[in-house]
Amino acid sequence: MLRGIAAFRWGTWVWMAVVVALHRDSLGHPLVAWFLVGSALAWTIAATVLLERKPELLERWPAIAIELVIGAALGIGGGFAYAHTTNPNVAFSSVRTIGFAWPIAGIITAGIVYGPWAGVLAGLFVGIPRFFSPIVNGIRFGDYNGGGRGFSIASTLLLYTLTGAVAGYIARLLRRAQDQVAAARARERVARTLHDGVLQTLAVIERRADDPELARLAREQERELREFLFGGDGKNPADLGAQLRAAAGRFEDAFGGRVDVVMAPDLPTLPPERVEALAGAVGEALVNAGKHGRAQRVTVFAEPADDDAGPKGGVVCSVHDDGRGFDVAKIREGVGLSRSIRGRMEEAGGRVEIESRPGAGTEVRLWLPCA
Amino acid sequence: MAAVRVVLADDHSIWRSGVRTDLGEGFHVVGEASDADEAIALIKREKPELVVCDLNMPNGGGLKVAKECGEQAIIVMLTVSEQERDLLDAVAAGAQGYLVKSTPGPELCAALLRAVKGEPVFSPHLASLVLGEFRRMAKDATGANPLSDREREVLQFVARGYSYKEIGERLFISPKTVENHVRNILSKLHLNRKQELIRYAVEHGIE
């Protein structure tokens, strides 16, 4: 980025020098003009040398200040050097200045380093002195009666401030994107390390521990780590997978069994309130499985409802346990079942089906449309 | 029954020794490998009946082993994470199935013995991945062999956590028939993957 600005400085400086050389016969104060062109050249060279030797200095405030001061001097001194008119209407509407484009380099740098608002301030700092250049030539603003070809200086000022703001804004976006990429990479690295080491070790402990409490602890830690590595933390209300895994975790903590949460790879997205309804209903079904069914193994499976009997474009979720089961015809709708599960689902526009037999586990099937 | 000849491949030695202890009487470990190339060489030399292989290993991982040796031995993948798409690739490449590493010892042994008898070791996660894969192929309309209604039904039961026996009871067929359905699903997946690769190669002018 700095390299581009350096090239820009050289290009605009050459143009400035050519214009002044062409106008050399009409200059009111040629010495002042050449002094200004010389200062700009001096900084253009200095900045190029700095870029090669110590580029970080170019992003510090003294360098930016020097460049902005020269830019402002070009604005105020340019009009004086030309002294091309004594007509206030001409003077104030189309100020002749030296190096209209060169100061933009400094404004861009200020925006990049200190943000959009700094860019705007730099633009004002360089642009406003241009209004004073006719005054330096002894023309009073009071004599200006609004004639002439309109405020060309005003449009220059606008250009300067906008350039500063845009440069600052874009630089900020770029920096943010870079940060995000770096953060994602770091996370990936951490995930790979933990995946290979810690997760494996936890799995060994879980498998080989004679103490069920130790196994449960390892399982809990594994679940939390996995959640951190591969998915949300269960706090994102729109993430069905994370919500279901959180419900599964609560079951495992409370009843000591084991829940597999299986998510189809191509599940449609549900609005957050439906995710909440579905996850809540699944949570209730799990509580029933643990409390009444004494289940130890439960599978929660969510898939798109497209090729099912259910409503098209929705989600079907099954909660299937290995518990004691019950006679669906005999047991009148248990309190937990009817209110929490059926209530939640019907409110969200879905429905519930229960299949169970004494001694053969229970499956609760939940349908929910996407919209 | 004679002990099953097994090769263990995993880059963590703690795992290999752990699994070996768990395997016990019914199995005879004929060799251990710590990366894919080593495993392939070992399998070619020892000709085991069963390979228990980590999905994530150096030099190509379980995927490479399944591709190279899927025809010569029964390969069961072990994995820590069930969310990996590689799993699907490994099964499509010729693995008989997979188990998560946290599977308790007795359950692991039982599953491996079933695998040796030719029964696909299909977990709910794998069933769900395969279902999704067939849905994707149907949507892309690549002319692939779709699942029959019965096959999809079977796979959905597996994904919901039913055993082959339970599925058989519900569909009024024998567990053997359920197993056959699962095997057919696997070979369809295998075939479709091959066709996709060939089509891709033709379309992109790779010879």
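Axes here are lines fitted to C-alpha atoms, for helices over the stretch in contact, and angles run from 0 to 180 degrees between N-to-C directions. With that in hand, take helix H6 (residues 124-140) of chain B and helix H7 (residues 149-159) of chain B: they pack at an angle of about 140 degrees, with axes 7 Å apart. A note on what you're looking at: this is a predicted model, where local features need pLDDT of at least 70, side-chain atom pairs count only at pLDDT 80 or more, and totals for chains, interfaces and linings use all residues. Residues are numbered from 1 along each chain as its sequence is written, chains are lettered from A and ligands numbered from 1 in the order in which they are written, and side-chain values use heavy atoms, with hydrogens and water left out.

Back to that pair in chain B. H6(B) and H7(B) are therefore oblique to each other; angles under 35 degrees count as roughly parallel, over 145 as roughly antiparallel, 65 to 115 as roughly perpendicular and the rest as oblique. On the H6(B) side, the contact (heavy atoms within 4.5 Å) uses Pro124(B), Ala127(B), Ser128(B), Val130(B) and Leu131(B), and H7(B) answers with Arg152(B), Leu155(B), Gln156(B), Val158(B) and Ala159(B). That set splits into 7 nonpolar, 2 polar and 1 charged, with Ala, Val, Leu, Ile, Met, Phe, Trp, Tyr, Cys and Pro taken as nonpolar, Asp, Glu, Lys and Arg as charged, and the others, Gly among them, as polar.

Lys47(B), between helix H2 (36-46) and strand S3 (50-54), has phi near 45 degrees, positive in a residue other than glycine. Phe172(B), between helix H8 (164-171) and helix H9 (175-203), also isn't a glycine, yet its phi is positive at about 55 degrees. Lys47(B) is exposed at 63% relative accessibility, and Phe172(B) is exposed at 76%; buried means under 20% relative accessible area, exposed over 50%, partly exposed in between (1.4 Å probe, protein chains only).

Definitions and conventions
Helix = DSSP H or I, 4+ residues; strand = E, 2+ residues; numbered from the N terminus.
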